[in-house]
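Biologist: I have a model open on my screen. How should I read its sheets and helices?

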Amino acid sequence: MTDRDVELVGRDGQAGDDGGEGPPEEAAQPTPRRRRGRRVLLVLGMLVLLVVVAVGGFVGYLGWRVSDNITRADLLPTAAPPSTASDGSPIEVPSSGVGTNFLVVGSDSRGSDRGRSDVIVLVHVPEDPTSIEMIHFPRDLYVSIPGHGKNKINAAYAYGGEPLLVETLQNLLGIKIDHVARTNFEGFKNMTDAVGGVRVYAEEGNDASGNGGAAIHRGWNDLDGEQALAFVRERYELSEGDISRGRRQLAFVKALLLKATSRSTLTNPLAVARFTDAATENLVVDRDLTIGAMKDYALELRGIRSSDVVFATAPFSGFASDPQAGSIDVVDTKRMALLGEALRTDTMEDYLDVFVTP
């Protein structure tokens, strides 16, 4: 592969640097919305797909850095997608023509062990890429894990890494996951600093006594890398624990991508180089996700608007306790089946349980 195989693609003149004075009305009272005809945005570990912009002599350098930084591994399972739904009814999982599902995993391991995944986000890119949906799966969601009985969903990652986590999610939703990307929290920190910090809206504040270790006030917060890490780690001081933390993580991802693709970043070759390096140095992807494929997705998804970023939380019906797993989030099986059907049939625009962060 030559340097020409990697092309940095960005957007042209879209607003994204300024957070505004307060949350939009839709954030205060989230409402379902159709998203056809919009430009879209890809997230987290897939940042490399969006950061790309042709910047003179930096193209060759950045192409080499992307190829050199990214690690490829066996992240997909050998097991085929399920043929029956969780209720035992038969399902057909199409192999093509219904969009692409990316699993983005963020690990907060601070040692040599694999740790558990603290960020589990499923990104659905429709076949007609005019919308995008990001579904956050709370780490305490109580699910069936192949070969291990029932446990919290992030235990699947601890037991068998990405392949087992993918198999678990495929069985839960009745879908096929096409690609996997993993980064770590240090990568989030470095990416934030590479663009000079981000402005994030916090739906609720917290003091510095929680597990994040930094005080955050309700409303807009200007965060550097270290503060951003505290923002996405905090859960002890939040009203719904891991559920609230998941919403924070999605708000951070949105803020980071808006800043990374803003005019001030894309017109600064050094900032582009720093961010591209930070986005890819801790990135691990499945072996089928080639640089060429990343380029193709980037060309399709290079537009970005703040209002086009649509989120969902994997449906759960409440909280409970399990003797082995401890505190758990109970799956709402009916609504989970509806989510799986929307993903499987590429009709997420009709799935109602979505929200938009400022």
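Modeller: We will take the sheets one by one, then the helices. Keep in mind that this is a predicted model.

Biologist: In which sense do β4 and β11 pair, parallel or antiparallel?

Modeller: Parallel. Strand β4 covers residues 133–136, and four bridges join this strand to β11.

Biologist: At what angle do α4 and α5 pack?

Modeller: For a helix pair, take the angle and the axis distance together. Helix α5 spans residues 225–233. The angle between α4 and α5 is about 135°, and their axes are 8 Å apart.

Biologist: Why are α4 and α5 called oblique to each other?

Modeller: Antiparallel would need an angle over 145 degrees, and perpendicular would need 65 to 115. The angle here is about 135°, so α4 and α5 are oblique. Their crossing is right-handed.

Biologist: Which residues of α4 meet α5?

Modeller: Phe185, Lys189, Thr192 and Asp193 are the ones in α4. Their counterparts in α5 include Leu229, Val232 and Arg233. By type, the residues of this contact comprise four nonpolar, two polar and four charged.

Biologist: What is the strand order in the open sheet of four strands?

Modeller: The order is β6-β5-β13-β12, again read across the sheet, and the pairing is mixed. At the edges stand β6 (149–152) and β12 (316–322). Each has a single partner strand, so one side of each lacks a neighbour in the sheet. The twist averages 45° from strand to strand.

Biologist: How many bridges link β12 and β13?

Modeller: Six, and the pairing is antiparallel. Strand β13 covers residues 326–331.

Biologist: Where does helix α3 pack?

Modeller: Helix α3 (residues 153–173) packs on this sheet and touches β5 (141–145) and β6. The directions of α3 and β5 make about 85°.

Conventions: Residues are numbered from 1 along each chain as its sequence is written. This is a predicted model: local features need pLDDT of at least 70, side-chain atom pairs count only at pLDDT 80 or more; totals for chains, interfaces and linings use all residues. Side-chain values use heavy atoms; hydrogens and water are left out. Two strands pair if DSSP finds at least two bridges between them. Helices (H or I, at least four residues) and strands (E, at least two) are DSSP runs, numbered from the N terminus. Axes are lines fitted to C-alpha atoms, for helices over the stretch in contact, and angles run from 0 to 180 degrees between N-to-C directions. Angles under 35 degrees count as roughly parallel, over 145 as roughly antiparallel, 65 to 115 as roughly perpendicular and the rest as oblique. A crossing is left-handed if the near helix is turned anticlockwise from the far one by less than a right angle, and right-handed if clockwise. Contact means heavy atoms within 4.5 Å. Ala, Val, Leu, Ile, Met, Phe, Trp, Tyr, Cys and Pro count as nonpolar, Asp, Glu, Lys and Arg as charged, and the others, Gly among them, as polar.
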